[in-house]
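Biologist: I would like a close look at a single part of this model. Please take it slowly and keep it plain.

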Amino acid sequence: MDFAAEMGQIMLLFLSAAYWLLRPPYRWRLFLRQMEFIGFHSIFVVSLTGLFTGMVLALQTYYAFSMFSAETLVGATVALSMTRELGPVITALMVTGRAGSSIAAELGTMRVTEQVDALTVMAISPVQYLVVPRILAAIVVLPLLTAISDFIGVVGGYVVGVKLLGINSAMFMNKIYEFLEVEDILNGLTKAAVFGLLLALIGCYKGFYTSGGAEGVGRATTQAVVLASVLILMSDYVMTAIMF
Amino acid sequence: MAGIEDKAAIELKNVYKAFGTQEVLKGVDLVLPPDQVNVIIGRSGGGKSVLLKHIIGLLKPDAGQVLVQGKDIVSLGERDLAGVRRGFGMLFQEAALFDSLSVFENVAFPLVEHRSMDKKEIAEVVEAKLASVGLKGMGYKMPAELSGGMRKRVGLARALALDPKIVLFDEPTSGLDPVMSAAINDLILRTKEEFRATCVVISHDIQATMKTADNIFMLYEGRIIAEGDPQTISEWEDPVVRQFIHGQAEGPIKVN
């Protein structure tokens with residue numbers, strides 16, 4: 001299916017999900033279960049990647065800034081980079097790999113074993129039952145995960161910059177307060193919500209329209225991760241251009 | 001009185017369906033009487049499942065009408081179609097159980113969704129349904145822990161949970177041993193008699209079909225080429241039908 005047609009179908013699924021979101025019955029339990037799966041179970045992975053991202057950022061910027069005797073700016077740089085870009089994007093990519101693929105695999109398996117048809121036959125909308133809880137949960141949970149990643153990233157940057165590389169602690173923190181604005185954090189969290197929407201929507205789409213047995217499920221899973229990742233990076237550019 | 005009871009439960013009128021260039025249904029005319037076991041037989045890959053899916057609205061025909069209790073379901077919107085579907089129960093070929101839910105939760109699913117019953121009432125109904133398929137006390141098991149035959153029986157219990165008036169069976173005995181097949185066929189008969197339901201069965205099992213069916217319909221090359229009670233079908237003169245009924249490799253039907 002060509003790219004434009006596929007984007008169109010994804011859009012239709014999104015509109016369908018928006019429609020079913022507003023119609024009762026509201027599936028709170030399913031929503032909470034997805035929050036736990038997509039969010040809670042990703043905390044460790046997201047913390048780890050946030051930590052090392054912050055640490056390596058501090059390391060790299062230190063060597064560049066020390067050429068201009070501007071090491072004290074490392075803290076602010078890490079904080080701004082994490083909250084504006086790396087926190088949202090890297091968190092989203094990690095969660096895509098973990099939860100996005102899992103969503104595609106689970107829905108794909110349900111599709112090829114006729115469980116999706118079974119829902120339809122029992123007069124239950126598969127979009128309302130399967131897709132809506134996942135998309136909603138991802139939109140709510142990605143900003144929360146990103147916030148954790150941002151925070152731990154800055155902590156990691158502090159540990160490397162102050163403890164390992166000897167930057168003055170007070171100066172490190174002062175520069176953060178000077179340059180970091182609430183706007184930076186909020187824009188980053190908004191991006192995260194959009195990324196959450198994308199990864200869940202595409203995971204659900206690829207799973208929902210799987211065909212071809214086990215091989216089809218495998219293919220759907222891979223395609224979901226790749227497509228979601230690419231769209232996350234593309235939308236990141238667009239949003240950054242608008243926001244900053 | 002006579003008018004309501006004679007009304008066909010399900011009717012297909014001149015239904016055409018193609019997938020891409022492959023024509024599957026080429027003008028199917030089918031009248032399924034209510035409260036009887038109606039069996040559709042035909043070649044593997046011949047379109048029987050496609051036909052069944054039209055009856056429940058999972059597929060829409062390219063042309064023709066699908067009437068359920070007199071109402072054309074092709075033109076219905078999702079909400080009205082959902083209403084029609086609540087009167088159906090369907091057993092899928094591989095049972096299509098929700099694998100993240102236990103046996104109990106699977107059978108309880110339609111009850112939870114469509115009836116406002118309290119937990120105790122639901123448990124009573126679920127236990128009764130499980131007992132009727134010979135799986136008493138197995139509610140706690142997960143589908144992955146069950147054999148194919150057991151999964152089918154759970155699927156049947158779930159299909160019957162709301163005591164539907166029309167029950168569809170997609171190859172209910174395929175892959176089952178003779179004893180289990182006989183048990184499932186008994187269940188189909190009991191469904192018709194005890195629950196007064198219209199049964200639509202897709203089957204390859206000619207012997208069982210002859211024993212349980214009230215009406216048999218043969219689908220061949222996209223059309224119904226034979227219909228009648230088991231006696232009529234067994235005496236049908238068309239060589240295609242004869243070859244199929246008697247399970248012969250040689251004849252007008254080619255194995256390519």
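Biologist: The part I mean is chain B. What percentage of the 256 residues of chain B count as buried? Please go on from there to its overall form and its open sheet.

Modeller: This is a predicted model. Of the 256 residues in chain B, 38% count as buried. The radius of gyration of chain B is 18 Å, which agrees with the value near 18 Å that a compact globule of 256 residues would have. Taken along the principal axes, the box filled by the C-alpha atoms of chain B is roughly 55 × 40 × 40 Å. Contacts in chain B between residues at least 6 apart in sequence can be split by separation: 64% of them join residues at least 24 apart.

The secondary structure of chain B comprises 10 helices and 10 strands. Four strands make up an open sheet of chain B, with the order S2-S1-S4-S5 and antiparallel pairing. The edges of this sheet are strand S2 (22-32) and strand S5 (71-72) of chain B; each has a single partner strand, so one side of each has no neighbour in the sheet. B:Val68 has B:Lys71 as its bridge partner in S5(B).

Chain B also touches chain A. To this contact chain B gives 14 residues and chain A gives 10 residues. The chain A side that touches chain B consists of five nonpolar, three polar and two charged residues.

Technical notes
Residues numbered from 1 in each chain as written. Chains lettered and ligands numbered in written order. Predicted model: local features only at pLDDT ≥ 70, side-chain atom pairs only at ≥ 80, totals over all residues. Contact = placed C-beta atoms within 7 Å. Nonpolar A, V, L, I, M, F, W, Y, C, P; charged D, E, K, R; others polar. Helix = DSSP H or I, 4+ residues; strand = E, 2+ residues; numbered from the N terminus. Rg over C-alpha atoms; globule rule 2.2 N^0.38 Å. Buried ≥ 20, exposed ≤ 12 C-beta atoms within 10 Å, placed from the backbone. Pairing = 2+ DSSP bridges.
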